[in-house]
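Please read them with the structure open.

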Amino acid sequence: MNKIKIAQFELATLELLKTVMDPEIEINIVDLGLIYELNYDGSEKINIVMTFSTPACPLGETIISNIKETIKQKHPTFEIAVDVVFDPLWNNSMVSEEGKKALGL
Amino acid sequence: MNGLKTNNAPHSSVVVPHFIFGAISFFIVAVMLVLSGAGLLEVYFNTKLIAITHMAILGWATMIIFGALYQLIPVVFETALFSEKLAKITFWMTAFSAVFLSYSFWVASFSMLLPYASVCMFVSLLLFVINVLLSYRKSEIKNWSSKFVIAAIIWLLATELLGTLIALNFKFNFLTETHIHYLKIHATIGLIGWFLLLIIGVGSTLVPMFLISHQLNHNKLKASFYLINVGLLGIAINWFLVNSSILLGICWLMVAIGVLFFVSFIYDSYKKRMRKKLDIGMRYSMLAVASVLLPIVISSVLILGVDVEYELLSRIIVFYGFSILFGFITTLILGQTYKTLPFIIWLEKYKKLVGKTKTPLPRELYSEKIASIQFYLYLGFIITMPIGILLNNLLLVKAGSIALLVVAILYNINILKIILHKVIPIENE
């Protein structure tokens with residue numbers, strides 16, 4: 001798979017992750033800016049680097065499980081690794097324009 | 001997964017019974033208020049009023065706070081609760097003791113029942129304190145929020161110890177001062193030391209989390225912590241040993257400034273919030289934080305020793321207690337119930353279904369319409385009731401009591417709706 005196709009796949013997966021909501025904030029995790037990196041290896045592995053709005057987020061585990069299930073619904077054989085980081089700390093500059101609109105900013 | 005502490009939440013069977021018992025107690029308190037009517041306009045240490053206060057403080061507020069705290073310990077301490085089994089035992093003991101204690105006051109059985117009820121409550125609260133302290137010992141996080149929680153539970157124990165001594169004194173008669181003297185200290189350290197400090201500790205974590213606000217000045221919390229604790233300790237020592245009005249005034253001022261630092265911290269969080277629209281839970285919470293200014297004003301008037309006749313002074317004291325118990329504590333609990341309980345139930349029911357089926361949002365587990373009507377009725381209650389108390393107007397007091405009864409019924413309907421929520425899975429298209 002060439003680099004263009006990998007990039008297209010990554011964008012499509014990000015689009016797919018727009019169906020994963022933060023149930024408290026009621027905005028999808030992509031527009032909220034929680035996904036720092038999404039890397040596809042060209043075969044069957046996706047690595048996601050993400051954060052939460054707070055380190056002790058009570059919904060963290062549920063959001064991770066939602067991400068994995070959502071991708072597996074479309075790519076059942078894929079291996080999905082999610083790495084949660086708090087450096088850099090999430091802040092409002094990471095929210096997309098659509099996310100800001102939903103937050104009323 | 002660096003720092004992810006989401007798998008520490010206790011099982012819902014630890015938390016949910018507290019909300020059920022709390023909601024029922026809230027309803028009982030409202031019924032007791034309706035039944036006591038004119039009793040609210042009498043002196044503040046009448047037995048009916050003390051019974052209502054203890055049911056509200058222990059059966060309603062403390063019980064919900066215990067449940068919420070078990071859920072929030074993983075958020076505030078970033079560690080799991082020390083023992084879920086101990087928490088369940090504590091629940092049953094506290095529930096029994098709260099009813100036993102309130103009944104003892106209601107029937108004015110001071111030497112027969114009250115001493116035993118107080119000892120039961122002391123043991124229950126001691127078990128809670130042990131569980132929280134041992135959880136804190138495991139925690140690697142020692143931030144200001146967790147320090148507030150620890151200070152609060154120590155004050156809770158001190159409050160209950162003094163309450164138990166007053167109760168035992170009815171049987172053994174060993175205290176040197178009048179009961180009113182000790183009751184004043186008991187109420188002050190309970191309301192400020194337990195409720196206020198705990199609410200600051202939990203609120204300073206939850207409010208910025210729910211409003212999504214960052215880069216807040218935590219030095220305000222540090223100042224608040226020292227001012228309130230030192231001030232309160234000074235007030236207690238003064239009342240026990242010194243009895244100086246100047247020292248009392250200085251210590252009271254420290255507490256008041258400490259509270260203002262907390263209000264300022266929350267105001268910063270509100271100004272810097274990313275989430276502009278406030279949901280029903282946060283509307284209640286913001287109203288509660290603003291309401292805390294009222295008891296500061298009333299207590300300042302009391303401390304300054306404004307010359308009023310005894311009957312009016314007694315009603316001002318009832319108004320002061322009302323402003324803390326209902327204006328601040330109950331308002332906050334009503335709001336935070338809608339922020340925490342739907343999530344606890346949602347997580348239990350949908351944790352394993354997310355991504356596989358369409359799931360509702362946590363706020364869809366209750367009726368927002370009922371919550372909204374409840375909010376405006378509650379506003380009506382906290383406006384009419386204190387005016388009725390201050391003006392000695394029984395009609396307003398009764399109208400306020402009935403409004404609270406309707407609030408309690410609506411609240412219970414929503415609590416039941418959340419707890420009895422049934423999962424209806426819908427496959428993703």
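1. Start with B:Val289. Leaving out residues up to four places away in sequence, B:Val289 touches B:Val263, B:Ile266 and B:Phe328. The residue belongs to helix H9 of chain B, residues 280-291. Is B:Val289 buried or exposed? Its relative accessibility is 7%, so B:Val289 counts as buried, because the cut-off for buried is under 20%. Keep in mind throughout that this is a predicted model.

2. B:Val289 and B:Leu134 are 155 residues apart along the chain. Their C-alpha atoms are separated by 30 Å.

3. The interface. Chain B and chain A bury about 2,700 Å² between them. Of that area, 63% is on carbon and sulfur atoms. The size of an interface is often given in this way, as the accessible area lost when the parts come together. Chain B gives 30 residues to the contact, and chain A gives 32 residues.

4. Charges across the interface. How many salt bridges are there between chain B and chain A? The count is 4. A salt bridge also joins the side chains of A:Glu26 and B:Arg363, at 2.6 Å from N to O.

5. A:Ser53 deserves a look. It sits in the loop between strand S4 (45-50) and helix H2 (60-74) of chain A. Neighbours within four places in sequence aside, A:Ser53 is in contact with A:Ile25, A:Leu34, A:Trp90 and B:His214. With a relative accessible area of 14%, A:Ser53 is buried.

6. The nonpolar surface patch. B:Ile20, B:Ile24, B:Phe27, B:Ile28, B:Ile409 and B:Ile413 form this patch on the surface. Together they have about 450 Å² of accessible area. Helix H1 (12-36) and helix H13 (394-419) of chain B are the elements that give two or more residues to the patch. H1(B) provides the largest share, with 4 residues.

7. B:Phe27 lies in helix H1 of chain B. Its relative accessible area is 34%, so B:Phe27 is partly exposed, because that class runs between the 20% and 50% cut-offs.

8. Backbone points to inspect. Most residues other than glycine have a negative phi, and most peptide bonds are trans. B:Ala108 has a positive phi, near 55°. This residue is in the loop between helix H3 (84-106) and helix H4 (114-138) of chain B. B:Ala108 is partly exposed, at 37% relative accessible area.

9. B:Asn392 is in the loop between helix H12 (368-391) and H13 of chain B. With a relative accessible area of 35%, B:Asn392 is partly exposed.

10. Finally, a peptide bond in chain A. Is the bond from A:Asp87 to A:Pro88 cis or trans? It is cis, with omega near 5°. A:Pro88 lies in the loop between strand S5 (79-84) and helix H3 (97-103) of chain A.

Methods:
Residues numbered from 1 in each chain as written. Chains lettered and ligands numbered in written order. Predicted model: local features only at pLDDT ≥ 70, side-chain atom pairs only at ≥ 80, totals over all residues. Heavy atoms only, no water. Patch = residues over 30% accessible without salt bridge, like charges linked within 9 Å, V, L, I, M, F, W, Y side chains within 5 Å. Areas by Shrake-Rupley, 256 points an atom, 1.4 Å probe, with all protein chains shown as cover. Buried < 20%, exposed > 50% of the residue type's maximum accessible area, 1.4 Å probe, protein only. Contact = heavy atoms within 4.5 Å. Buried area = accessible area lost by both parts, 1.4 Å probe.
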